Amino acid sequence: MNVDEYQVIKSAREASSSEPSYLNGNGKLSDLRDRLGPQVSIAAFSESISAETVQVVMTDLMKEPNTDIIRLSSNRSHLTYGVIKMVGSAKNFANVRFVIPAELGPSATLQDIPKGIIFTEDKFLTVSIATYLSGILPPSLSPFDPVRHLHTSMSNGYIAQTIGEFVNPNGMARILVATGDAAHVSL
């Protein structure tokens, strides 16, 4: 049995019945594992999975002692990664202030905002962070809604439109604040 995009398992366990059906299904994979028994091999794949989610996979799905974890580099030539030390908690939004250039003035254009993605595992934080960042934009840029949020509870139409705007070099979406599962389902 092969399970792709297994980083959504944590979200799947927390999914409500109103969430996309694939989340509810992934949340029950450990039940399926128990029914299949140890004679069925399982491979779980993910391009980005947190250490916490690896622990869930190892505890609930990969129960055999001969389980291996293979990790490859996530470095990609077209991406620049950054890690910042947070001051206080994740709710101290000043920690992400740097994604909006401080020198933006009244004549700034959307292209003056570098494109970027902020990942969080809390869908409610996506809204709060995006609202904070939108609030520090010059008033001339606010109507274009350059800071958007994404999580899997959103409509497919909104997700498609937002991703389309983000991947378009001249699109209005410049910064995405997303849960990892929403970004991977969409990007």
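The following questions and answers concern a predicted model of one protein chain.

Residues are numbered from 1 along each chain as its sequence is written. In this predicted model, local features need pLDDT of at least 70 and side-chain atom pairs count only at pLDDT 80 or more, while totals for chains, interfaces and linings use all residues, and side-chain values use heavy atoms, with hydrogens and water left out.

Reader: What pattern does the protein chain follow along the sequence?
Author: Helices (H or I, at least four residues) and strands (E, at least two) are DSSP runs, numbered from the N terminus. The chain has seven helices and five strands. Read in sequence order, the pattern is β-α-α-α-β-α-β-α-β-α-β-α.

Reader: Is Thr179 buried or exposed?
Author: Thr179 belongs to strand 5, residues 175-179. Leaving aside neighbours within four places in sequence, its contacts (heavy atoms within 4.5 Å) include Phe119, Leu150 and His151. Buried means under 20% relative accessible area, exposed over 50%, and partly exposed in between, with a 1.4 Å probe and protein chains only. Because its relative accessible area is 4%, Thr179 is buried.

Reader: What is the phi of Asp145?
Author: Asp145 sits in the loop between helix 5 (123-135) and strand 4 (147-150). With a relative accessible area of 36%, Asp145 is partly exposed. Most residues other than glycine have a negative phi. Asp145 is a residue other than glycine with a positive phi, near 55°.

Reader: Which percentage of contacts in the protein chain join residues at least 24 apart?
Author: Buried residues make up 36% of the 187 residues in the chain. For contacts between residues at least 6 apart in sequence, the share joining residues at least 24 apart is 68%.
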